[in-house]
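Here is a report on how the parts of a protein model meet. Please view the sequence and the structure alongside the text.

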There are 2 protein chains.
Amino acid sequence: MSSALPAVKRQTPNNGSPYHLLYWPGIPGRGEHIRLALEEAGATYTDTAHIKDGVNEVLSLINPEHIGDEVNPPPLAPPILKHGDLVISQTPNILLYLGPKLGLAPSGVDADGDGLYVINELTLTALDGLSNEPHDCHHPIATGLYYEDQRVESLRKSKDYVANRLPKFLGYFERVLKSKASGGGPWLYGGKLTYADLVLFQCIDGVNYMFPKATNKLRSSGLYDRVFALHEAVKERPNIKEYLASERRQKYSLGIYRYYEELDVTE
Amino acid sequence: MSSALPAVKRQTPNNGSPYHLLYWPGIPGRGEHIRLALEEAGATYTDTAHIKDGVNEVLSLINPEHIGDEVNPPPLAPPILKHGDLVISQTPNILLYLGPKLGLAPSGVDADGDGLYVINELTLTALDGLSNEPHDCHHPIATGLYYEDQRVESLRKSKDYVANRLPKFLGYFERVLKSKASGGGPWLYGGKLTYADLVLFQCIDGVNYMFPKATNKLRSSGLYDRVFALHEAVKERPNIKEYLASERRQKYSLGIYRYYEELDVTE
């Protein structure tokens, strides 16, 4: 259905253009999944989090007065990726775009390329259960209210999360790592690192920061050894290791993964 | 990175195989987004919701003992699509796979194909704000608890949802429909119906069922005329119209969109 697409063609070819990430400064947040993919691949990119007044560029794109351009609708929220004159948002969507280009996913939609749908599926599931749900543990009622206005509900949700949801999702990914489709090695799919592994790494890393007691207890159970081993294996990738030790890796703060002592429960 | 993919090749070519949807019977649920795409395209498909004991097939695939096969990791939850020997899950992922095949999205990842990322982005955003959040309005604390065990929190979240979140997402899609990238017609992108339009239709339809008072109030404001017009335009598509009138269209019940009188608030 190419003929139905906007008549205005892209002026700038995307290939060869630098990658530009737009995200809030001061937290790893959802932008971190994009950064880890770019860093693992050794790609050249710019990041508004490290540009003076870079936040203004984020704000201008999500301003309700902004209605996009000929080929790009306005984004609702960061992370946003600019590449050539393409402007896309939504974490798993940006990763879907970048994955094949960065060698972190199969490309194309031929028989082998169906692997891209597996990697997208695993990414969506990790983000659902190990990023969105932890976020909701400190904001179960309203994202527009302070945590302090929903502390009682947060504690109730956090208790359910560590008792039921976190084991469910760790168990699921342990099962994926056991499956023949994983290739039998440390990675989720096809015997090779993909961006789904980087997403799962960041999710485990964040959950471990937010719920250290529950995470330690689950680690000690021995039921999820493959998942925790994947977290360690990603951490030791040379480019990731260098990145995590650099100033580009921002500290956890008041983002998705937050440490509140009273939410650090084990049941 | 084809060489890194599992050595076992698919035995059954996907093209030409029938589509088989696996989803819970008795609710439209997340499976409805897949059904609407298949119905609009006039595709031949089977659906466990309409097969005697079809639920057993769903249960066998999400059983914790199931670890997938050579090319497919186990799915966590339905909707699940089987096509040839491909087995994929996650609503936006299944739509991404089906969209180009059904003529409901551009195909490929060339310059024009970048439109697929726009459609995926809009789909993810609609599902976030107009499907996942409404679900959480009746299950803000735990999906594993009954609504009756979280009624107080549900009312608090529903009030915030209709006052802040619902207008935010309607306003966002109104803005997308105003953008030049929409092509100026009734559809979200490129002047032609895509699966993102079908997703937005189902989201508006469900929100209207769950929060009729708030939806009517917002419709009457005139601020979101394009969004509500899109809902009407999809409803009038010949294949969709026939589907909605058929027994294949299941009634809203205890799924994502539920009607609780006490949650039908306007502020």
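## Basis

This is a predicted model: local features need pLDDT of at least 70, side-chain atom pairs count only at pLDDT 80 or more, and totals for chains, interfaces and linings use all residues. Residues are numbered from 1 along each chain as its sequence is written, chains are lettered from A and ligands numbered from 1 in the order in which they are written, and side-chain values use heavy atoms, leaving out hydrogens and water.

## Domains of chain A

Chain A is assigned domain 1 (19-102) and domain 2 (114-242 + 252-263); the bounds come from an automatic or database domain assignment. Their C-alpha centres lie 22 Å apart. Domain 1 of chain A brings 19 residues to the contact and domain 2 of chain A brings 21 (contact: heavy atoms within 4.5 Å).

About 1,700 Å² is buried between the two domains of chain A, 71% of it from carbon and sulfur atoms. Buried area is the accessible area (1.4 Å probe) that two parts lose on being put together, summed over both. In domain 1 of chain A, A:H33, A:L36 and A:E40 lose the most area to domain 2 of chain A, together 35% of what that side buries. A:E40 also pairs with A:R237 in a salt bridge (2.7 Å, N to O).

## Symmetry of the pair

Chain B can be laid on chain A with an RMSD of 0.0 Å by a turn of 180 degrees and a shift of 0.0 Å along the axis. The two copies are thus related as by a two-fold rotation axis. The superposition is by least squares on C-alpha atoms of residues with pLDDT of at least 70 in both copies. Of the residues of chain B, B:P140 comes closest to the axis, at 2.9 Å (C-alpha).

## Interface of chains A and B

Here 72 residues of chain B are in contact with 72 residues of chain A. The copies meet through the same surface, because 100% of the interface residues of chain B are also interface residues in chain A. The buried area is about 6,300 Å², and carbon and sulfur atoms give 57% of it.

Four salt bridges cross the interface of chain B and chain A. One of the salt bridges joins B:E70 and A:K180, with the closest N and O atoms 3.7 Å apart.

How values were computed: Salt bridge = Lys/Arg side-chain N within 4 Å of Asp/Glu carboxyl O.
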